[in-house]
Amino acid sequence: MAVSTILYDDHTTVGLGAELDGDHLWLTPADLQRATGWTLEPEGLCRGDACVRLDAGWQDVQGRVDLAALARHLGQPVVREDTAGAWAFGASVNTRRDQLFALEAPDFTLPDLDGKLHSLADFRGKKVFMFSWGSY
Amino acid sequence: MEFIAVAFDTGGKAAVEARIKSADIAERPPVLARLMGWSPDLWAKQTPPTYLNLIDEAHIVGERYGMVNVPQGVWIDEAGHIVRPAESAGTADMVRHMNRETFEVPDAAVNRGIEIRNTYIEALRDWARNGAASRYILPPAEVRRRMRGPEEADVRAATHVRLGRHLFASGALDRAKHHFDAAVRLCPDKWHYRRQSYMLDPESIGQLNVTPGFWAAVDALGDESFYPPADFSHAQ
């Protein structure tokens with residue numbers, strides 16, 4: 001089964017050529033990097049300062065990487081929608097818990113009504129009163 | 001101090017623009033003055049917001065800050081530290097007392113709502129004036145104690161919502177609803193997921209939900225509060 005769309009962190013990547021085979025989700029290293037930022041290195045899979053050793057079975061004979069296996073290793077929730085060929089990978093509970101309990105306000109980048117992007121980090125140095133609302 | 005409003009609205013700009021722009025403000029029903037606790041002076045001064053209004057179609061801020069409803073507020077100091085975690089931002093339980101035909105609220109509930117709102121605003125003003133010396137900011141241990149720490153269900157629900165938002169934007173409304181409903185089942189206490197899940201149909205985007213399904217969910221709360229007031233006992 002083909003998977004063409006991956007939601008990872010705050011990014012959505014379309015036009016991928018990932019393949020679902022059982023509980024494996026195979027991506028070429030190029031697609032893996034494009035969709036997730038993880039790169040295949042001699043040490044294993046790396047992103048930023050973090051590297052994860054490539055376990056047996058995480059790579060197929062074509063050199064593709066099993067993103068589903070990496071997500072299981074990292075404790076990430078994975079939700080899929082086969083009718084759209086789309087998979088979403090969330091943050092692990094430990095990641096979210098560590099972020100929140102560190103009391104460092106988690107950053108985010110969102111658009112205003114004109115589509116201009118703003119990040120919370122832009123307001124460092126000021127007190128911020130942030131509040132949610134909804135039209136509903 | 002910077003004010004940042006974040007609309008948790010999968011309908012995006014179409015859902016929220018009218019609420020923010022001046023045309024809608026001019027049409028605000030006077031009953032809102034009662035519900036919001038605005039004096040005649042404040043009512044006369046109403047203008048479109050001048051602070052930053054952001055749109056969060058996938059409710060990511062809700063996940064990252066442990067929010068469970070809208071509106072909720074978070075206080076963040078100059079160093080980027082949370083000094084009050086997500087809590088009701090001066091909102092009272094009007095919805096529990098509202099007449100479901102006329103939307104009128106009894107005087108006693110209105111007065112209680114005004115008291116809750118004014119208490120919150122006074123605390124916020126105190127923090128604006130006094131910063132780290134404000135008695136309303138909380139020590140780190142108390143901030144952590146009050147936080148709704150994420151569990152597996154929370155991160156999985158947030159992932160369903162992210163995918164649901166993607167499907168909604170792609171026009172796959174039924175599948176989007178399926179994922180929002182999954183999030184509601186995982187986190188039934190997160191009202192912003194539940195309320196959003198009711199309001200995904202194109203004809204309901206941007207509308208206030210007063211459907212029987214919403215009222216039934218409110219009734220199912222029993223004695224629990226829809227908007228538990230912010231706890232300022234630490235400041236006494």
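Colleague: Which residue in β3(B) does A:Phe129 stand opposite?

Modeller: This is a predicted model. In it, A:Phe129 stands opposite B:Trp75 in β3(B).

Colleague: How do you know that β14 of chain A and β3 of chain B are joined, and in which sense do they run?

Modeller: Pairing needs at least two bridges between two strands. Strand β14 (residues 128-133) of chain A and strand β3 (residues 72-76) of chain B are joined by 4 bridges and run antiparallel, so they pair by that rule.

Colleague: How many residues of each chain are in contact with the other?

Modeller: On the side of chain B there are 73 residues, in contact with 43 residues of chain A. The element of chain B that gives the most to this side is α9(B), with 10 residues. Sorted by class, the side of chain B that touches chain A holds 39 nonpolar, 18 polar and 16 charged residues.

Colleague: Why are α9(B) and α10(B) called roughly antiparallel?

Modeller: Helix α9 (residues 152-169) and helix α10 (residues 173-186) of chain B pack at an angle of about 165 degrees, with axes 8 Å apart. Angles over 145 count as roughly antiparallel, and α9(B) and α10(B) are therefore roughly antiparallel to each other. Their crossing is left-handed.

Colleague: Which residues of α9(B) and α10(B) meet?

Modeller: Among them are B:Ala153, B:His160 and B:Phe168 in α9(B), and B:Leu173, B:His179 and B:Leu186 in α10(B). The residues of this contact divide into 12 nonpolar, 3 polar and 2 charged.

Colleague: What makes β3 and β10 of chain A edge strands?

Modeller: The open sheet has 4 strands in the order β3-β2-β11-β10 (chain A), with mixed pairing. Each of β3 (11-13) and β10 (78-81) of chain A has a single partner strand, so one side of each is left without a neighbour in the sheet. On average, neighbouring strands of this sheet are turned by 15 degrees against each other, direction ignored. For β10(A), the pairing with strand β11 (residues 86-89) of chain A is antiparallel over 4 bridges, and A:Glu81 stands opposite A:Ala86 in β11(A).

Colleague: Why does B:Arg195 count as buried?

Modeller: The cut-off for buried is 20 or more other C-beta atoms within 10 Å. B:Arg195 has 20 C-beta neighbours inside 10 Å, so B:Arg195 counts as buried. B:Arg195 is found in helix α11 (residues 191-198) of chain B. Leaving aside neighbours within four places in sequence, B:Arg195 is in contact with A:Gly134, A:Tyr136 and B:Asn209.

Colleague: Is B:His59 buried or exposed, and why?

Modeller: B:His59 has 29 C-beta neighbours inside 10 Å and therefore counts as buried. B:His59 lies in the loop between β2 (52-56) and α5 of chain B, and has a positive phi of about 55 degrees although it is not a glycine.

Colleague: What makes B:Phe103 partly exposed?

Modeller: Buried starts at 20, exposed is 12 or fewer, and partly exposed is in between. B:Phe103 has 15 other C-beta atoms within 10 Å, so B:Phe103 is partly exposed. The residue is in the loop between α6 (94-97) and α7 (107-130) of chain B, and its phi is near 65 degrees, a positive value in a residue other than glycine.

Colleague: Where is B:Pro71, and what is the omega of the peptide bond from B:Val70 to B:Pro71?

Modeller: B:Pro71 is in the loop between α5 (60-65) and β3 of chain B. Omega is near -5 degrees and the bond from B:Val70 to B:Pro71 is cis.

Technical notes:
Residues are numbered from 1 along each chain as its sequence is written. Chains are lettered from A and ligands numbered from 1 in the order in which they are written. This is a predicted model: local features need pLDDT of at least 70, side-chain atom pairs count only at pLDDT 80 or more; totals for chains, interfaces and linings use all residues. Axes are lines fitted to C-alpha atoms, for helices over the stretch in contact, and angles run from 0 to 180 degrees between N-to-C directions. Helices (H or I, at least four residues) and strands (E, at least two) are DSSP runs, numbered from the N terminus. Angles under 35 degrees count as roughly parallel, over 145 as roughly antiparallel, 65 to 115 as roughly perpendicular and the rest as oblique. A crossing is left-handed if the near helix is turned anticlockwise from the far one by less than a right angle, and right-handed if clockwise. Two residues are in contact if their C-beta atoms, placed from the backbone, lie within 7 Å. Ala, Val, Leu, Ile, Met, Phe, Trp, Tyr, Cys and Pro count as nonpolar, Asp, Glu, Lys and Arg as charged, and the others, Gly among them, as polar.
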